[in-house]
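Colleague: I'm new to this one and would like a close look at a single part. Could you walk me through it slowly?

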Amino acid sequence: MAENGRDKPRRDGNRGQATGRPEGRGGPPRKPRWQDQSRDDTAGRRDAGGRSKPDLERPPSSHNPGDLRSSNRHDRERSPEIDPEVTGKELDRVTRAQLRNLEEKNAEWISRHLVMAGRLIDDDPELAFQHALAASRRGGRLALVREAVGLTAYAAGRYGDALREFRTFRRITGSNEHLPVMVDCERGLGRPDKALEAARAEEAKELDTAGKVELAIVVSGARADMQQYEAAVTALEIPQLDRKRAFSFSPRLFLAYADALENVGRGDDAAGWRRTANVAEEALGTGDFADPDIIDLSGDEDPAEGPDGANES
């Protein structure tokens with residue numbers, strides 16, 4: 001773990017592979033509410049090398065010539081260039097409504113940079129972070145802007161910045177929805193003991209089901225960071241670990257459990273859970289699963305059965 005806290009941890013705690021965000025894991029599981037709603041994903045926008053086409057067309061170090069504020073002093077980074085077709089109207093209706101009370105030019109500035117941040121958060125998180133920072137220069141008192149800075153900082157591996165922004169978001173809104181990511185930021189900063197302490201906070205009880213699952217995954221990773229591999233397995237044995245049903249969060253949970261089992265030498269069991277994760281992913285499809293849809297994978301079998309087939313009390 002680098003001292004600057006920018007080496008991204010595996011959310012499942014498996015340190016045997018290179019750092020970075022594995023497919024389907026390793027980042028906020030929900031699409032940011034401020035993310036560009038005009039497109040579903042980057043499908044059809046990549047070249048043969050897997051790069052995003054807009055990224056290929058964008059100059060390597062372009063800046064926004066319209067940014068004439070003090071933030072463009074020689075000792076500060078200038079705001080990044082906005083794609084010319086971006087208007088800000090690509091944001092969802094709720095986000096646009098929150099910006100409506102601002103002065104028109106400020107609202108447009110913030111909206112356009114948020115759209116860019118949402119488009120880039122997966123393919124170029126560092127540039128997405130710079131766009132979110134640009135939005136914060138005129139909208140730093142808005143919770144949705146602080147959330148955007150936090151999520152893009154987290155995606156870019158800037159865990160100290162992300163943690164600070166999420167704490168500000170929580171102070172503004174009173175919401176604990178980002179608690180799992182805050183706990184994971186503690187892991188990213190090399191503080192698994194603090195991560196576990198934060199996970200035991202009273203606020204964890206307020207999380208919805210998806211949030212509790214995400215927190216369990218992070219706690220498991222923190223246990224693995226401390227080489228407490230059996231405890232990492234136990235942390236994931238929660239009621240939602242049900243191989244007979246697939247919720248939006250199930251593939252992430254199943255894969256994390258498989259990795260935890262692998263770490264304690266239960267390779268056959270791990271392989272079975274990876275197959276289950278593949279079945280769940282196929283049943284759910286791809287896209288944005290902000291609302292946990294449920295699909296019955298087991299026919300008419302008893303839904304009260306736990307992960308090993310035993311009835312839950």
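Which residues line the second largest cavity?

Modeller: Happy to, and keep in mind that this is a predicted model. The lining is made up of Phe166, Phe169, Arg170, Ser175, Asn176, Glu177, His178, Leu179 and Met182. Sorted by kind, they come to 4 nonpolar, 3 polar and 2 charged residues. Two helices, α6 (159-173) and α7 (179-188), each supply at least two residues of that lining. The biggest share comes from α6, which gives 3 residues. As for the space itself, the second largest cavity holds about 30 Å³, and the count for the model is 2 cavities of 30 Å³ or more. If you wonder how such spots turn up, rolling a probe the size of a water molecule over the atoms shows where empty space is left.

While you have the model open, have a look at another helix, α12. This helix runs over residues 267-284, 18 residues in total, and reaches 26 Å from its first C-alpha to its last, close to the 26 Å expected at 1.5 Å a residue. Buried along α12 are Ala270, Gly272, Trp273, Thr276, Ala277, Ala280 and Leu284. The spacing makes sense in general: an α-helix has 3.6 residues a turn, so residues three or four places apart point the same way. Turn to the other side of α12 and you find Asp268, Arg275 and Glu282 exposed.

How values were computed. Residues numbered from 1 in each chain as written. Predicted model: local features only at pLDDT ≥ 70, side-chain atom pairs only at ≥ 80, totals over all residues. Heavy atoms only, no water. Helix = DSSP H or I, 4+ residues; strand = E, 2+ residues; numbered from the N terminus. Expected span 1.5 Å × (residues − 1). Buried < 20%, exposed > 50% of the residue type's maximum accessible area, 1.4 Å probe, protein only. 1 Å grid on protein atoms, 1.4 Å probe; cavity = no way out; pocket = protein on both sides within 12 Å on 5 of 7 lines; lining within 4 Å. Points joined across faces, edges and corners; volume = space filled by probe spheres on them. Nonpolar A, V, L, I, M, F, W, Y, C, P; charged D, E, K, R; others polar.
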